[in-house]
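Take a look at the sequence and the model shown here. This report walks through some helices, their contacts and a sheet.

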Amino acid sequence: MAHSINMYQKIKIAILVLTTTCSGLIAQESWSLDDCVTYALEHNLSLKDFEYNEASNKESYRQSIRNLLPSISGFADYNKSFGRSEDPNTGGYVNTDFFSNNYSLNSSIDLFRGFQKINAIKVSKFLHKAAKEDVEQQKYLLAFRVMSAYYEIKFFEGLLKNSKEQEEISQTNYNLVKRQIELGLKAGVDLNEAESLLLTDILTVTQNENNLQAARINLIQEMNLEGVSTIALRSVLESAAEEKAVAQGLDQDSIFNNAMDFIPLIKAQELRAKAAKKNVAVARGNLYPSLSFAAGYGTGYYETNTDDMNGIIPFRTQIEDNASRYIGFSLRVPLSDKWSNRSRVKQQKIAMLRAENNLHIQEQELYKTIQQLVQENSSLAAETAQSDKKVQSQELAFTIAQKRYDKGLISALELFQAKTLFATAQNENLQVRLSAEVNKSTLDFYRGLPIFNINN
């Protein structure tokens, strides 16, 4: 059995060396959180879809401004007639082949339409700005997903480090028991117990390695990082003293008021509420009379148009002589439309109320989130201090248990219990400290501090 364990250790070391070598060849650089967020923002495909939507809204806004310009259209044709045909010049019928040209230029402009176009410009402007805020919101959501994946890796890295330390202790104890058996100081059953504990720790290390690799794949996928299967990170956790300092003086109302000024989700909903209000004005415009102005110019050339000598009148002369011009005003007064226009106004009012209600919902959710974060910040600060003391206490208890085990005063099972409690305290402390770091970063974000490398 001892031979099998040594063989397992050799195979494991070979695999670790090979994995480390391959990882170094694939990704030789270490990534900070800012590096990961920046790369993800540049390569995330879902974010690009929101950017395309923003570009579409921008073009809609520009077109709404261009809708104020007059519409101009030109017309020209060339007709060739054969046999008995109607003379487009005289209206009579002729039995000869001929061709004709017609040209026209027309223009119209709305003078008054119940301010619909002006309000439509404001609607499209608000929606364009809202789309820009949607892009920013998606950037922040992506950044938080990357941060979550980043700290998940740091958590499993810590677990792996702790489990390897526990494995080293079990390996040392196994070697000690083996030497004591050779000297006749212990029985073979003690070696079986030590071997069982060592194998348990080896399995824990393997499980943590697998979890760590899964966490790395998760971050790689969030970043859309191609051509790699692993990633190396660098990060420094703040001390507990610094976390306590941050936990003091946090006021949820002031954080909420500050967040209301820049959170893209809130700003986007505010803009959509304003757009919905302007849509009510657009719908009301259908209740008012509309006035438009139009002007046009038309002329033509006809091969059947002859002079007194039966010669075809020249093209330039016909274009001048056949010219016609017009100007006019058009007034439209809505008298009865089966109440449809007023129904549209009511529908837009309902849409406005819904948009305003959605804004209030988003504000409530934001306040609840900040309220929970402030409460968690205070709790995590206390938990961190308590967890630090627990680690120190369990470490001391394990050190004493290890010395007693070395002297043969306690069994391997009692030592394992003390070692397990120490490892559990270390893992809990790691989890609390990472949770505090994520909580602090999230609160800093709502306080308006630049925790991500995102340009507004």
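## Helices H2 and H5

The axes of helix H2 (residues 33-43) and helix H5 (residues 188-223) come within 8 Å and cross at roughly 45 degrees. Axes here are lines fitted to C-alpha atoms, for helices over the stretch in contact, and angles run from 0 to 180 degrees between N-to-C directions. The angle makes H2 oblique to H5. The naming works as follows: angles under 35 degrees count as roughly parallel, over 145 as roughly antiparallel, 65 to 115 as roughly perpendicular and the rest as oblique. Helices (H or I, at least four residues) and strands (E, at least two) are DSSP runs, numbered from the N terminus.

Which residues make the contact? From H2 come Cys36, Tyr39, Ala40 and His43. From H5 come Leu219, Glu222 and Met223. Contact means heavy atoms within 4.5 Å. By class, the contact of H2 with H5 has five nonpolar residues, one polar and one charged. Ala, Val, Leu, Ile, Met, Phe, Trp, Tyr, Cys and Pro count as nonpolar, Asp, Glu, Lys and Arg as charged, and the others, Gly among them, as polar.

## About the model

This is a predicted model: local features need pLDDT of at least 70, side-chain atom pairs count only at pLDDT 80 or more, and totals for chains, interfaces and linings use all residues. Residues are numbered from 1 along each chain as its sequence is written, and side-chain values use heavy atoms, with hydrogens and water left out.

## Helix H4 and its partners

Helix H4 covers residues 116-182. Its 67 residues should span 99 Å at 1.5 Å a residue, and its end C-alpha atoms are 98 Å apart, which agrees. The expected span is 1.5 Å times one less than the number of residues. Gly184 follows H4 and has a positive phi, near 80 degrees.

H4 packs against H5 at an angle of about 165 degrees, with the axes 8 Å apart. The two helices are therefore roughly antiparallel to each other. H4 passes H5 in a left-handed crossing. A crossing is left-handed if the near helix is turned anticlockwise from the far one by less than a right angle, and right-handed if clockwise. The contact of H4 with H5 divides into 20 nonpolar, nine polar and 12 charged residues.

Helix H10 (residues 340-406) has 67 residues. From first C-alpha to last, H10 reaches 92 Å, close to the 99 Å expected. Just after H10, Gly408 takes a positive phi of about 80 degrees. Helix H11 (residues 412-446) has 35 residues and reaches 51 Å, close to the 51 Å expected.

How do H4 and H10 meet, and at what angle do they cross? Their axes come within 12 Å and cross at roughly 15 degrees. That makes H4 roughly parallel to H10. The contact is made by Ile169, Asn173, Leu176, Val177 and Gln180 of H4 and by Phe398, Gln402, Tyr405 and Asp406 of H10. These are five nonpolar, three polar and one charged residues. The crossing of H4 and H10 is right-handed.

## The open sheet

Four strands form an open sheet in the order E2-E5-E7-E8, with antiparallel pairing. Two strands pair if DSSP finds at least two bridges between them. The edge strands are E2 (71-81) and E8 (324-332), and each pairs on one side only. The twist averages 15 degrees from one strand to the next.

Strand E5 (residues 98-112) and strand E7 (residues 290-302) are joined by 12 bridges. Phe112 stands opposite Leu291 in E7. Ser100 has Tyr302 of E7 as its bridge partner. Nine bridges join E7 to E8, and these strands run antiparallel. Here Ala294 stands opposite Gly328 in E8.
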